[in-house]
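Reader: Please show me the sequence and the model. I will then ask about the annotated positions, the sheet and the packing.

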Amino acid sequence: MCPKDNHLISKDLASPFRIGPVSVRNRVVLAPMSGVTDMPFRELAWRFGAGLVVTEMVASRELVNDTAESWSRLRAAGFRPHMVQLAGREAHWMAEAAKIAADHGADIIDINMGCPAKKVIGGYSGSALMRDPDHALGLIEATVKAVDIPVTLKMRLGWDANSINAPEIARRAEAAGIQLVTIHGRTRMQFYEGRADWDAIRPVRDVISIPLIANGDVETAEDAQEILRRSGADAVMIGRGCQGRPWHAGVLAGGAEPRREDIADIAVEHYRMMLDFYGEAVAIRHARKHLGWYLERFAADLAGGDKAAIMTSRDPREVAARLYEALASGVVDSREAA
């Protein structure tokens, strides 16, 4: 696809929309991904034009109990709007955590009812809440009442194919004061298997009047337009498609694709941002997944020994130098690597 065609396909995605009183600059949103969308990643995604970025999932009770990890995830990246995603199973902790987030700069609170991870649903949080809509609505109501900023909701189609209840929950959530709903087009039991069902999001659109974001398997500008057409959504959310290319949400919104020669610079800058944010000992461990995604996308032919040296070295200078060399010599166009 040439840049001109990409711009034509994405022109509607470049238009702003609103979440209550909050203006969002375009219609491509970076998904909250635990262990991925930390502050360095969000900073890069925002710089390259994502319409909205969301924090990693913040555990509500841990935030109220003042744990270091929850505060690290809560931190803003220096731009607005600042959207914080909270997870939990108890209305009290969600309400208290929402107050803390709002007091520390959050412009929007997002409630996580979509995470399928075993450690999350094992605590009856995330998508497990969809198994008990009455309980979920109590949690939603408490969170909405606790703050004066918009509260949004992210969920899946349902727990499994026999309990597709996203339309019911979305309708009730709007009545409780939720100002935007995001739907991932899979059930919890599908996890990330198969293809997201974009048509199955349409029944949610049919029962709510607040903005709707559609999520699941959006990789290209054509995907973004097709999921909007089939779901009736107002905006799209992209998650795994941004791994190894934090600029990608901005590109789908009509921004410029990084030049081939710039990708190595971006990856090295990302690595150094993580070192600054976490400190060397923690960053070396956290960065490995990101380094792997960059190499997989843009240096797929790198010899195994060279890749292992990048992934396992504990010397940040060596990692940065080897990463730059691998990407600068082996980089491919990210449109081809999608």
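This is a predicted model: local features need pLDDT of at least 70, side-chain atom pairs count only at pLDDT 80 or more; totals for chains, interfaces and linings use all residues.

Reader: Which residues does the UniProt feature "domain: DUS-like FMN-binding" cover, and how far apart are the end C-alpha atoms?

Author: The unreviewed UniProt entry places this feature at residues 30–301; UniProt positions follow the numbering used here, feature names are shortened, and annotations may be inferred rather than shown by experiment. Helices (H or I, at least four residues) and strands (E, at least two) are DSSP runs numbered from the N terminus. Over residues 30–301 the chain is 43% helix and 12% strand, and the end C-alpha atoms are separated by 29 Å.

Reader: In what order do the strands of the open sheet run, and which are at the edges?

Author: The open sheet has 9 strands with parallel pairing, in the order β4-β3-β11-β10-β9-β8-β7-β6-β5. Two strands pair if DSSP finds at least two bridges between them. Pairing on one side only marks the edge strands, β4 (52–53) and β5 (58–59).

Reader: What is the bridge partner of Asn-215 in β11?

Author: Strands β10 (residues 212–215) and β11 (residues 235–238) pair in the parallel sense, with 3 bridges. Asn-215 has as its bridge partner in β11 Met-237.

Reader: Is Cys-115 buried or exposed?

Author: The UniProt annotation "active site", from an unreviewed entry, covers Cys-115. This residue sits in the loop between β7 (108–113) and α6 (118–121). Its contacts (heavy atoms within 4.5 Å), leaving aside neighbours within four places in sequence, are Met-57, Val-120, Ile-121, Gly-126 and Ser-127. On a scale where buried is under 20% relative accessible area, exposed over 50% and partly exposed in between (1.4 Å probe, protein chains only), Cys-115 has 17% and is therefore buried.

Reader: Why does Lys-154 count as buried?

Author: Lys-154 lies in strand β8. Leaving aside neighbours within four places in sequence, its contacts include Gln-85, Asp-110, Thr-182, His-184, Asn-215 and Met-237. Lys-154 counts as buried because its relative accessibility is 11%.

Reader: Which side chains of β9 point the other way from Val-181 and Ile-183?

Author: In a regular strand the side chains alternate between the two faces of the sheet. Strand β9 is joined to β8 in parallel by 4 bridges, and Leu-153 has Val-181 as its bridge partner there. Val-181 and Ile-183 point one way, and the other way, also buried, point Thr-182 and His-184.

Reader: At about what angle does helix α8 run to β8?

Author: Axes are lines fitted to C-alpha atoms, for helices over the stretch in contact, and angles run from 0 to 180 degrees between N-to-C directions. Helix α7 (residues 133–146) lies across β7 and β8 (151–156), at about 170° to β7. Helix α8 (residues 166–175) lies across β7, β8 and β9 (181–184), and its angle to β8 is about 175°.

Reader: How many residues does the second, separate core have?

Author: A nonpolar core is a set of buried Ala, Val, Leu, Ile, Met, Phe, Trp, Tyr and Cys residues joined through side-chain atoms within 4.5 Å. In the largest core, of 83 residues, Met-113, Ile-140, Met-155, Ile-178 and Val-181 touch the most other members. The second, separate core includes Ala-267, Ile-284, Ala-287 and Leu-323, and its residue count is 25.

Technical notes:
Residues are numbered from 1 along each chain as its sequence is written. Side-chain values use heavy atoms; hydrogens and water are left out.
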